[in-house]
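Hello,

Here is the structure I promised to hand over. Please open it first, then read my notes below.

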Amino acid sequence: MKKLLLVFVLIYSQLSFAQTAKEIIDKNIELSGGLTNWKLLNSVLLQGKVILGVKDEYPIKIYQQRPNLTKTVLTINNKDTAIEGYDGTKGYAMNYATNKVQEYTSYIPESFDNDFIDWENKGFEAKYLGKEKVGDIYCHKVELTKNVNKNFYYFDTQTYMLLKEIKKEETISYFDYKKVGSLLMPFRIESSSAKKDGDYVMLINKIDINKVFPANIFKF
(Lines give C-alpha, C1' and ligand atoms only; values in the text may rest on other atoms or scores of the structure.)
Protein backbone atom coordinates (compact mmCIF):
# COMPACT_ATOMS: atom_id res chain seq x y z
CA MET A 1 0.00 0.00 0.00
CA LYS A 2 2.85 2.37 0.87
CA LYS A 3 4.56 1.61 -2.45
CA LEU A 4 1.34 2.35 -4.35
CA LEU A 5 0.96 5.60 -2.42
CA LEU A 6 4.56 6.57 -3.23
CA VAL A 7 4.03 5.85 -6.94
CA PHE A 8 0.84 7.94 -6.89
CA VAL A 9 2.66 10.84 -5.20
CA LEU A 10 5.49 10.72 -7.75
CA ILE A 11 3.09 10.64 -10.70
CA TYR A 12 0.99 13.44 -9.24
CA SER A 13 4.14 15.51 -8.58
CA GLN A 14 5.30 15.14 -12.19
CA LEU A 15 1.86 16.05 -13.53
CA SER A 16 1.71 19.04 -11.20
CA PHE A 17 5.12 20.29 -12.41
CA ALA A 18 4.11 19.84 -16.08
CA GLN A 19 0.88 21.74 -15.47
CA THR A 20 2.75 24.51 -13.66
CA ALA A 21 5.20 24.84 -16.57
CA LYS A 22 2.28 25.04 -18.98
CA GLU A 23 0.60 27.71 -16.85
CA ILE A 24 3.77 29.81 -16.80
CA ILE A 25 4.22 29.55 -20.57
CA ASP A 26 0.54 30.35 -21.16
CA LYS A 27 0.82 33.36 -18.84
CA ASN A 28 3.88 34.61 -20.72
CA ILE A 29 2.05 34.37 -24.05
CA GLU A 30 -1.07 36.02 -22.63
CA LEU A 31 0.70 38.95 -20.97
CA SER A 32 3.09 39.57 -23.87
CA GLY A 33 0.23 40.06 -26.34
CA GLY A 34 -1.88 36.92 -26.56
CA LEU A 35 -1.67 33.83 -28.75
CA THR A 36 -3.88 35.27 -31.52
CA ASN A 37 -1.72 38.38 -31.92
CA TRP A 38 1.49 36.34 -31.95
CA LYS A 39 0.08 34.11 -34.68
CA LEU A 40 -0.99 37.17 -36.70
CA LEU A 41 2.63 38.34 -36.69
CA ASN A 42 4.08 37.73 -40.17
CA SER A 43 7.20 39.89 -40.31
CA VAL A 44 9.57 41.83 -38.05
CA LEU A 45 12.22 44.44 -38.81
CA LEU A 46 14.59 45.22 -35.92
CA GLN A 47 16.80 48.31 -36.18
CA GLY A 48 19.44 49.54 -33.76
CA LYS A 49 23.08 48.90 -33.02
CA VAL A 50 25.15 45.93 -31.94
CA ILE A 51 28.24 46.06 -29.75
CA LEU A 52 30.79 43.31 -30.35
CA GLY A 53 33.56 42.86 -27.83
CA VAL A 54 34.59 46.05 -26.03
CA LYS A 55 34.37 48.76 -28.68
CA ASP A 56 33.25 47.36 -32.04
CA GLU A 57 29.86 48.98 -32.62
CA TYR A 58 27.76 48.79 -35.79
CA PRO A 59 24.27 49.81 -36.92
CA ILE A 60 22.20 46.65 -37.43
CA LYS A 61 19.02 45.61 -39.20
CA ILE A 62 17.41 42.19 -38.80
CA TYR A 63 14.68 41.14 -41.22
CA GLN A 64 12.47 38.18 -40.27
CA GLN A 65 9.47 36.77 -42.09
CA ARG A 66 7.28 33.73 -41.64
CA PRO A 67 7.92 30.78 -41.85
CA ASN A 68 11.72 31.04 -41.33
CA LEU A 69 13.19 33.71 -43.63
CA THR A 70 15.84 35.89 -42.00
CA LYS A 71 18.62 38.31 -42.89
CA THR A 72 21.02 40.24 -40.65
CA VAL A 73 22.67 43.36 -42.08
CA LEU A 74 25.46 45.42 -40.49
CA THR A 75 26.52 48.87 -41.66
CA ILE A 76 30.32 48.74 -41.93
CA ASN A 77 32.23 51.76 -43.22
CA ASN A 78 28.91 53.31 -44.33
CA LYS A 79 28.09 50.23 -46.39
CA ASP A 80 25.30 47.72 -45.67
CA THR A 81 26.79 44.23 -45.41
CA ALA A 82 24.67 41.09 -45.06
CA ILE A 83 26.37 38.75 -42.58
CA GLU A 84 23.87 35.94 -42.07
CA GLY A 85 20.49 34.65 -43.16
CA TYR A 86 18.22 32.08 -44.72
CA ASP A 87 16.42 32.70 -48.02
CA GLY A 88 13.94 29.83 -47.80
CA THR A 89 16.17 27.19 -49.38
CA LYS A 90 19.76 28.08 -48.50
CA GLY A 91 21.56 29.43 -45.45
CA TYR A 92 24.39 31.95 -45.52
CA ALA A 93 26.89 33.29 -43.01
CA MET A 94 29.97 35.48 -43.06
CA ASN A 95 33.30 33.67 -43.32
CA TYR A 96 35.53 36.08 -41.44
CA ALA A 97 38.69 34.35 -42.67
CA THR A 98 37.87 35.37 -46.26
CA ASN A 99 35.63 38.31 -45.26
CA LYS A 100 32.92 37.01 -47.59
CA VAL A 101 29.42 35.63 -47.11
CA GLN A 102 29.24 31.99 -48.14
CA GLU A 103 26.57 29.33 -48.42
CA TYR A 104 26.34 26.77 -45.60
CA THR A 105 24.59 23.53 -46.52
CA SER A 106 24.27 22.60 -42.84
CA TYR A 107 22.57 25.91 -41.91
CA ILE A 108 19.48 25.24 -39.78
CA PRO A 109 17.04 28.17 -39.77
CA GLU A 110 15.23 29.15 -36.59
CA SER A 111 11.46 29.02 -36.53
CA PHE A 112 9.81 32.43 -36.92
CA ASP A 113 7.68 31.79 -33.84
CA ASN A 114 9.38 31.58 -30.46
CA ASP A 115 9.71 28.21 -28.72
CA PHE A 116 6.55 28.68 -26.64
CA ILE A 117 4.02 29.11 -29.45
CA ASP A 118 2.29 25.70 -29.90
CA TRP A 119 5.12 24.02 -27.99
CA GLU A 120 2.99 20.97 -27.23
CA ASN A 121 2.03 20.46 -30.88
CA LYS A 122 5.73 20.66 -31.79
CA GLY A 123 6.38 17.69 -29.51
CA PHE A 124 8.35 19.68 -26.93
CA GLU A 125 8.25 18.76 -23.25
CA ALA A 126 8.14 21.35 -20.46
CA LYS A 127 9.12 20.92 -16.82
CA TYR A 128 8.89 23.40 -13.96
CA LEU A 129 12.13 23.56 -11.95
CA GLY A 130 11.11 26.01 -9.24
CA LYS A 131 12.12 29.59 -8.55
CA GLU A 132 15.59 31.03 -9.05
CA LYS A 133 17.03 34.53 -8.95
CA VAL A 134 18.27 36.32 -12.06
CA GLY A 135 20.15 39.25 -10.61
CA ASP A 136 17.76 40.64 -8.01
CA ILE A 137 14.62 39.28 -9.66
CA TYR A 138 12.92 36.03 -8.70
CA CYS A 139 12.06 33.95 -11.75
CA HIS A 140 10.17 30.80 -12.61
CA LYS A 141 12.65 28.37 -14.16
CA VAL A 142 11.26 26.16 -16.93
CA GLU A 143 13.07 23.41 -18.81
CA LEU A 144 11.95 22.89 -22.40
CA THR A 145 13.11 19.75 -24.16
CA LYS A 146 13.23 20.15 -27.96
CA ASN A 147 13.97 16.71 -29.41
CA VAL A 148 17.12 15.93 -27.39
CA ASN A 149 18.12 19.52 -26.63
CA LYS A 150 17.26 20.98 -23.24
CA ASN A 151 16.89 24.76 -22.97
CA PHE A 152 16.25 26.64 -19.74
CA TYR A 153 14.04 29.71 -19.50
CA TYR A 154 13.65 32.21 -16.66
CA PHE A 155 10.36 34.12 -16.40
CA ASP A 156 9.90 37.10 -14.06
CA THR A 157 7.51 35.94 -11.31
CA GLN A 158 5.77 39.33 -11.37
CA THR A 159 5.47 40.16 -15.08
CA TYR A 160 6.02 36.68 -16.59
CA MET A 161 8.31 38.22 -19.20
CA LEU A 162 11.27 36.09 -20.32
CA LEU A 163 14.48 37.43 -18.76
CA LYS A 164 17.02 34.74 -19.60
CA GLU A 165 17.41 31.74 -21.90
CA ILE A 166 20.19 29.19 -21.59
CA LYS A 167 20.96 27.09 -24.65
CA LYS A 168 23.67 24.49 -25.16
CA GLU A 169 26.29 26.99 -26.35
CA GLU A 170 24.73 30.38 -25.62
CA THR A 171 23.04 32.37 -22.85
CA ILE A 172 20.69 35.17 -23.94
CA SER A 173 19.31 37.85 -21.61
CA TYR A 174 16.35 40.10 -22.42
CA PHE A 175 15.71 43.60 -21.06
CA ASP A 176 13.68 46.77 -21.58
CA TYR A 177 10.37 45.34 -22.79
CA LYS A 178 8.21 47.81 -24.73
CA LYS A 179 4.91 47.55 -26.54
CA VAL A 180 5.02 47.15 -30.33
CA GLY A 181 1.46 47.17 -31.58
CA SER A 182 -0.26 44.66 -29.30
CA LEU A 183 2.94 42.79 -28.45
CA LEU A 184 5.62 43.25 -25.78
CA MET A 185 9.16 42.86 -27.14
CA PRO A 186 12.64 43.33 -25.60
CA PHE A 187 14.67 46.31 -26.82
CA ARG A 188 17.96 45.16 -25.29
CA ILE A 189 19.40 41.69 -25.89
CA GLU A 190 22.69 40.37 -24.53
CA SER A 191 24.35 37.14 -25.61
CA SER A 192 27.30 35.34 -24.05
CA SER A 193 29.04 32.02 -24.61
CA ALA A 194 31.95 30.07 -23.21
CA LYS A 195 34.11 30.94 -26.23
CA LYS A 196 33.36 34.67 -25.80
CA ASP A 197 34.07 35.38 -29.48
CA GLY A 198 30.34 35.53 -30.23
CA ASP A 199 29.35 37.78 -27.31
CA TYR A 200 27.28 40.82 -28.18
CA VAL A 201 24.91 43.46 -26.84
CA MET A 202 22.09 44.55 -29.15
CA LEU A 203 20.35 47.85 -28.47
CA ILE A 204 17.17 48.16 -30.52
CA ASN A 205 15.67 51.58 -31.17
CA LYS A 206 12.88 50.62 -33.57
CA ILE A 207 10.78 47.54 -34.34
CA ASP A 208 8.38 47.38 -37.29
CA ILE A 209 5.91 44.50 -37.44
CA ASN A 210 3.92 43.08 -40.36
CA LYS A 211 5.88 45.23 -42.78
CA VAL A 212 5.74 44.12 -46.43
CA PHE A 213 9.32 43.52 -47.56
CA PRO A 214 10.56 43.69 -51.17
CA ALA A 215 10.50 40.27 -52.84
CA ASN A 216 14.31 40.08 -53.06
CA ILE A 217 15.12 41.30 -49.54
CA PHE A 218 16.22 37.84 -48.35
CA LYS A 219 18.47 37.12 -51.35
CA PHE A 220 22.24 37.06 -50.94
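**What was found**

The protein carries 31 positive and 27 negative side chains, and the centres of the two sets lie 0 Å apart. Lys and Arg count as positive here, Asp and Glu as negative; His and the chain ends are not counted. Each charge is placed at NZ of Lys, CZ of Arg, CG of Asp or CD of Glu.

A word on the source. This is a predicted model, in which local features need pLDDT of at least 70 and side-chain atom pairs count only at pLDDT 80 or more, while totals for chains, interfaces and linings use all residues. Residues are numbered from 1 along each chain as its sequence is written, and side-chain values use heavy atoms, with hydrogens and water left out.

**Overall build**

The protein has two helices and 13 strands. Both are DSSP runs, numbered from the N terminus: helices are H or I with at least four residues, strands are E with at least two. The C-alpha atoms fill a box of roughly 75 × 35 × 35 Å along the principal axes.

Of the 220 residues, 40% are buried. Buried means under 20% relative accessible area, exposed means over 50%, and partly exposed is in between (1.4 Å probe, protein chains only).

Contact means heavy atoms within 4.5 Å. Among contacts between residues at least 6 apart in sequence, 38% join residues at least 24 apart.

**The cores**

A nonpolar core is a set of buried Ala, Val, Leu, Ile, Met, Phe, Trp, Tyr and Cys residues joined through side-chain atoms within 4.5 Å. The largest one has 37 residues. Ile25, Phe116, Val142, Leu144 and Ile207 have the most contacts inside it. A second, separate core holds eight residues, including Leu45, Leu69, Ala82 and Ile217.

Take Val142 from the largest core. Leaving aside neighbours within four places in sequence, Val142 touches Ala21, Ile24 and Ile25, among others. Its contacts also include Ala126, Lys127, Tyr128 and Phe152.

Next comes Lys141, in strand β8. Lys141 counts as buried because its relative accessibility is 15%. Beyond four places in sequence, its contacts include Leu129, Gly130, Glu132 and Tyr154.

**Salt bridges**

Side chains of opposite charge can pair when their charged atoms come close. A salt bridge here is a side-chain nitrogen of Lys or Arg within 4 Å of a carboxyl oxygen of Asp or Glu. The count comes to 13.

- Asp118 pairs with Lys39, with the closest N and O atoms 3.1 Å apart. The pair links distant parts of the chain: Asp118 sits in the loop between β6 (100-104) and β7, Lys39 in helix α2 (residues 35-39), 79 residues apart. Asp118 is partly exposed at 30%, and Lys39 is partly exposed at 40%.
- Lys146 pairs with Asp115, and the closest N and O atoms are again 3.1 Å apart. Lys146 lies in strand β8 (residues 137-146) and Asp115 in the loop between β6 and β7, so the bridge ties together parts 31 residues apart in sequence. Lys146 is buried at 18%, and Asp115 is buried at 15%.
- Lys167 pairs with Glu165, with the closest N and O atoms 3.8 Å apart. Lys167 is partly exposed at 26%, whereas Glu165 is buried at 6%.
- Lys22, Asp26 and Glu120 are linked in a network of salt bridges.

**Glu125**

Glu125 is part of strand β7 (residues 125-134). Is Glu125 buried or exposed? Glu125 is exposed, because its relative accessibility is 55%. Leaving aside neighbours within four places, Glu125 is in contact with Trp119, Glu143, Leu144 and Thr145. Its C-alpha atom is 9.7 Å from that of Lys22, 103 residues away along the chain.

**Backbone details**

The peptide bond from Arg66 to Pro67 is cis, with omega near 10°. Pro67 lies in the loop between β2 (56-65) and β3 (69-76).

Asn99 is not a glycine, yet its phi is positive, at about 60°. Asn99 sits in the loop between β5 (91-95) and β6, and is exposed at 57%. Tyr160 also has a positive phi, near 65°. Tyr160 belongs to the loop between β9 (149-156) and β10 (162-166).

Best wishes
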